[in-house]
Structure formats: C-alpha cells, structure tokens
Amino acid sequence: MDNKNEFKPYIPADKIVPEFTVTSALIGCLLAIVFGAANAYLGLLVGMTISASIPAAVISMGIIRVILRRDSILENNLVQTIGSAGESLAAGAIFTLPALFLWAGEGKIEYPSLITIFFIALFGGLLGVCFMVPLRQALIVEEHGTLPFPEGTACAEVLLAGEEGGSKAGSVFTGLGIAAAYKFIADGLKIFPSEIGYVFQGYAGSQIGIQVLPSLAGVGFICGPKIASYMLAGGALSWFVLMPAIALFGGDSTIYPGTDPISAMLATDGPSALWSGYIRYIGAGAVAAGGMISLIKTFPLIVRTFKQAMASMSKKHTQKNALRTQQDLPMSALLVIIVAIVILIWLIPTFPVNPIGSLIIVIFGFFFASVSSRMVGLIGSSNNPVSGMAIATLIIATLLLKVTGTDGTTGMVGAIAIGGVICIIAAIAGDTSQDLKTGFIVGATPKKQQLGEMLGVVVSAAAVGFVLYLLNEAWGYGTNQLPAAQATMMKMLVEGIMNAELPWALIFIGVFIAIVVEILKIPVMPFAVGMYLPFSLSAGIMAGGVVRFIVEKIKGTDEEKKERSDRGVLFTSGLIAGEGIMGIVLAVLAVVKVDSVINLGFQLPQWCSLIIFVVLLYFLYTRCMKKDKK
C-alpha cells in the first residue's frame with residue numbers, strides 16, 4: 001500500500017478539469033471505428049493487430065491542442081481510451097467470427113446477421129470492461145511499481161509530453177497519408193505489384209517472395225527484429241522444408257485432404273496450392289499447440305491472479321467519500337449489466353445454451369479477463385495469449401455442446417459464438433487495464449474511463465459487422481488477400497471435434513513442431529503464425545524489423561535510441577492505419593465493382609516494386625533518425 005500513498009498523479013485528485021466531454025466522446029468514437037476497421041483488415045491479413053492507444057493519443061493531441069486550441073490531458077486520455085476499444089474489440093472478433101463466413105461460403109449455414117455479430121461483440125466487450133473494474137484496485141493501484149503495463153505507461157508518457165503533440169501527431173498523419181497513397185497506387189490503380197515472387201524450378205514446391213506493403217514494414221518495426229525473425233523462420237520451415245518435402249515424396253500420388261495428385265497441384269497453381277492444401281493444417285496445429293503452451297506456462301500466474309481477483313471482489317470499497325481518482329463504476333451497476341447479459345445469452349438463439357451454460361460462459365469470461373489483465377501488465381498487450389485462451393474455450397465449449405446433444409452446424413455455430421465472446425472479453429479486459437494504468441498515471445477519473453471504454457465497445461460492436469461483411473464480399477476469408485489465420489484454425493478445430501473430419505496427421509505434425517520449437521526456447525506463437533502465413537508476408541514484416549535493428553544499433557545514448565524508436569513507432573502506426581483504411585476503401589470499390597475501372601491497364605515490372613519498397617524503408621529510417629524540433 002506504500003506505493004499508492006507515495007504516488008502522485010499528474011493531475012491532482014482534488015483538481016477538476018475537462019475529461020468526458022462531447023469533443024472527447026466524438027473524436028474517441030470516430031477513432032474507435034477507424035482503428036477498429038484498420039486493425040480488422042490488418043489482423044485478417046497478418047494474424048496480429050497493433051495497440052491503438054498511442055496513435056489515438058497523439059491524433060487526439062493534434063486535434064484538441066493544435067486545431068481546437070484547448071489544453072486538457074484528461075480529454076486526450078479519454079479519447080485514447082474510447083479509441084483503443086475499437087482496436088481490441090476488432091482483434092477479438094477477427095480471431096473467431098470469420099469462421100461463420102467460411103461455413104456460409106461452403107453452404108453449411110446462413111451468413112451471420114449483423115445483429116448476431118453485434119450481440120457477440122457487444123456482450124464480449126461489456127463483460128470485458130465489467131470484469132476488469134473490480135480488478136483495478138488490486139492490479140493497478142496496489143501493484144503500481146510492480147506491474148509495468150508497458151503500453152499503458154508508454155501512452156501516459158506520450159500524453160505527459162503533450163507540448164510535443166503537434167509534431168508527434170504530424171508523424172502519425174504523415175505515415176497515414178503515405179501508406180494510403182502507396183496502397184491505392186499499388187492495389188487500386190495496380191501501377192506496380194504489391195507482391196513479388198520467384199518459383200525455384202529445380203527445387204519443386206518452394207517459392208521465395210515478399211509483399212512490399214507499408215503495413216507489413218510497420219508491423220515488423222513495431223514488433224522488432226526478434227519477433228519478425230521468428231516469423232520468418234516459421235515461414236522458411238514451411239516454404240523451404242515442408243512444401244518441397246511434400247512435393248518430393250508426394251509425386252503423382254494424392255494425399256488426404258487433397259483431391260488432386262501433388263504434381264498436378266504444382267503444375268496448375270504452383271507452390272501456393274501446397275500451402276492452401278496442406279501447410280495451413282500443419283500451421284493450424286502449430287498455432288493451436290502454441291496457444292495451449294502459452295496457457296500452460298502461465299498457469300501458476302493464472303491461479304494466483306484468479307485468487308487475487310476473487311479477494312478483490314470480496315472487499316467492500318466505499319466510494320461515497322472516495323477521491324476523484326479512486327471512483328469506479330458501482331458494483332451494483334456492473335452486476336445488473338452482467339445478469340442482463342447472462343439472461344440474453346440464454347434467450348438469444350445464436351448461443352445454444354441453457355441458463356447454466358450461459359452462467360458458465362460468464363464464469364469462463366471472468367477467469368480469462370482476470371488472466372488477461374495481469375498478463376498485459378507483465379508482458380504487454382502484444383504478447384497476450386488471447387488466441388490460446390480462445391482455443392481452450394473452443395475445445396471445451398465444442399465438447400460440452402456435443403456431449404449435451406447440441407451437435408452438427410448448430411453446435412459449431414454455438415461454439416464459435418461462445419469462443420468469440422470469450423476472445424473479445426480477454427482482448428477488451430487487457431485493453432481496459434492498459435487504459436486504466438494510463439489514467440492512473442495522468443490522474444484520470446476511473447469511472448469516466450470505464451464509461452468511455454463501454455462507449456467505445458458499443459460503437460465498435462455496431463461497426464465491426466459491416467467491416468467483416470465488406471471484407472468478405474470484397475476478397476473472401478481464407479484467401480491470399482485475407483488468410484484469416486486464427487479464424488480458419490478455429491473453424492478447423494470445431495469441425496474436427498464435431499464431425500471428426502480433420503486431417504489429424506497434418507495437425508499433429510504442426511503440434512510436434514511447436515513442441516520442438518518450445519524445447520529450443522524459441523517463442524512458439526510468432527514462429528507458428530509464420531509457419532501458417534505465406535512466406536511473402538513474413539518477409540515483408542522482416543524488412544521492417546531490419547530497419548528497427550539498424551536504427552537501434554547506430555551509436556547514441558540510450559535516450560537517443562529510445563527517441564529514434566518512438567519516432568519510428570508513431571510513423572509506422574500511421575503506416576498501418578493508413579493502409580488499413582485504404583484497404584477498407586478498396587474493399588468498398590471491389591464490392592461496387594469499381595475496382596476494374598480504376599485499373600490503368602499497365603503495370604511496372606517486379607524489380608520496380610522492390611525499389612519503391614526500399615525507398616519507403618529508407619524514408620522510415622530517416623524519420624527515425626531525424627530529431628524533433630523543440
């Protein structure tokens with residue numbers, strides 16, 4: 001408790017400044033939709049999302065400080081709180097819900113309605129916030145100085161350096177504009193190819209290539225060279241070891257689950273046919289095993305956190321005379337929301353569960369929310385094993401539904417709906433804890449942040465269905481344009497348990513590769529995701545990682561190196577957001593059949609794409625090395 005007494009927030013508890021205003025609510029909601037859509041596109045493309053808190057904070061400072069000439073750090077904090085909810089909800093949704101579209105495309109079920117998607121996203125989001133509120137005192141106040149909350153603390157630093165907001169916001173907007181223009185020229189006008197590749201004729205089954213897109217360079221820079229190299233290593237194993245082995249040993253034979261001989265697949269569609277026919281199952285096995293390994297490794301932490309969460313729930317915090325910075329939403333209001341959601345999950349046909357099953361969903365949700373909140377406090381949102389929690393939930397939910405007689409397509413849809421709720425709960429709980437940490441440092445009012453988070457959830461839940469439909473209509477899930485790695489894997493798992501129709505041999509190859517990787521002390525999840533994704537994606541991410549490596553290796557003080565990296569992170573956040581937004585725009589053009597009209601009919605050769613990408617990487621390098629004007 002000493003830490004709590006010693007710590008003084010930036011805005012004192014007895015000082016009242018503008019916080020939850022119409023301006024902050026409107027800007028926050030807009031950013032929630034924008035970053036939610038951009039992250040949905042990015043996550044379906046590369047299998048991971050980025051934290052939107054810092055870019056939302058700097059954009060907010062750019063608008064509120066520079067354009068509106070107002071100076072309120074708590075307004076900016078509330079904007080990033082609302083805005084980051086969109087990114088987290090999208091992350092939870094895209095890991096599971098596209099499975100419903102994949103089944104609909106196969107004719108097994110009807111396409112999910114927008115109302116169905118809205119309820120799954122809304123219930124998961126609201127429960128994630130409600131479950132985090134009673135944990136705030138234990139995790140954020142009492143363990144301040146023990147749990148670092150990397151993104152939350154970094155976001156607070158950005159807000160505290162508010163006088164630099166204009167130049168920092170300019171960096172985000174510059175990246176956004178460059179990436180949007182780049183994406184439109186490459187994939188809209190098709191002036192140069194966004195993916196280049198070369199098939200090795202003497203080494204059948206292998207293909208080297210790179211996707212020269214700004215978002216990939218941005219992801220690589222933000223993740224850093226280590227994570228990027230693990231992804232590249234996973235891709236190299238798939239495309240230069242496993243696929244050539246399948247081609248060599250398969251020959252003219254047909255291997256389940258393929259329907260054509262291996263040689264015919266190669267002759268017709270090239271190495272990518274082996275990736276879609278076989279490697280995706282191996283990669284799915286590796287991703288599933290990686291998620292479970294992450295969960296098992298953190299089991300002692302999970303038990304400890306859950307005990308702490310229950311203890312925190314049992315404490316009676318009186319808030320009548322509490323300081324402004326200690327006021328949470330009342331437990332009575334939270335319990336009303338939770339009970340209402342339990343009843344609605346039972347009544348809504350999408351969730352084929354009885355009242356006991358509905359209650360079990362909520363208990364699981366609270367369990368994973370408490371785990372997620374502590375995990376992000378220790379290792380950050382990027383390393384939070386949300387997909388591992390979703391996999392565990394899916395397996396248990398599918399088995400329970402099958403045992404209780406809810407099988408077939410009804411059981412499969414129910415399992416994905418339940419998994420989707422749990423996945424979103426975990427993602428939102430982690431995001432809420434980071435935002436509350438930021439608020440704790442700058443002196444925000446917790447209950448206003450919690451209301452802001454709920455507002456962001458409602459707005460994002462209403463928008464995410466439209467985004468999912470749009471992307472499916474434009475390109476379809478499970479394609480080269482949108483591999484949807486986690487959702488495809490979740491679909492395979494549910495089908496395999498319900499119908500016993502999975503190629504288990506391929507799944508187990510992936511599982512044991514993941515185990516070997518873990519024994520070698522290599523992080524399993526980035527390696528497994530790299531195995532699953534096309535090699536060209538991992539190569540593009542590695543390019544951004546190389547720039548980060550160079551920037552951090554050049555001589556300078558630790559402070560100078562950190563400033564370089566921070567400038568790069570803001571610029572690349574803009575790159576990712578810009579390409580994501582333009583990806584949504586291009587999806588709209590594809591749906592209304594205008595995409596062929598803007599195609600100019602000529603395309604530069606592949607080597608031009610490589611030069612353009614290198615120029616973009618060099619520009620990123622110069623942005624990192626250029627010092628801000630004081």
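R564 touches V551, I554, K555, G556, C624 and M625, leaving out residues up to four places away in sequence; contact means heavy atoms within 4.5 Å. The residue lies in helix α24 (residues 558–591). Helices are DSSP runs of H or I with at least four residues, numbered from the N terminus. R564 is buried but forms no salt bridge. Buried means under 20% relative accessible area, exposed over 50%, and partly exposed in between (1.4 Å probe, protein chains only). A salt bridge requires a side-chain nitrogen of Lys or Arg within 4 Å of a carboxyl oxygen of Asp or Glu. For R564, the nearest side chain of opposite charge is E560, 4.5 Å away. Lys and Arg count as positive, Asp and Glu as negative; His and the chain ends are not counted.

The model is predicted: local features need pLDDT of at least 70, side-chain atom pairs count only at pLDDT 80 or more, and totals for chains, interfaces and linings use all residues. Residues are numbered from 1 along each chain as its sequence is written, and side-chain values use heavy atoms, with hydrogens and water left out.

The structure holds 10 salt bridges. One of them joins the side chains of E19 and R324 (3.9 Å, N to O). This pair links distant parts of the chain, 305 residues apart. E19 sits in the loop between α1 (2–6) and α2 (22–46), and R324 in the loop between α14 (299–314) and α15 (331–347). Both E19 and R324 are buried.

D566 is partly exposed at 36% relative accessibility, and K562 is partly exposed at 43%. A further bridge pairs E106 with K108 (3.2 Å, N to O). E106 is partly exposed at 43%, as is K108 at 33%. E106, K108, K491 and E495 are linked in a network of salt bridges.

The largest nonpolar core has 158 residues. Such a core is a set of buried Ala, Val, Leu, Ile, Met, Phe, Trp, Tyr and Cys residues joined through side-chain atoms within 4.5 Å. F351, L468, L471, Y477 and F613 have the most contacts inside it. Helix α18 (residues 408–442) supplies the largest share of this core, 14 residues. A second, separate core of 25 residues includes V58, V79, A444 and L570.

Definitions and conventions. Helix = DSSP H or I, 4+ residues; strand = E, 2+ residues; numbered from the N terminus.
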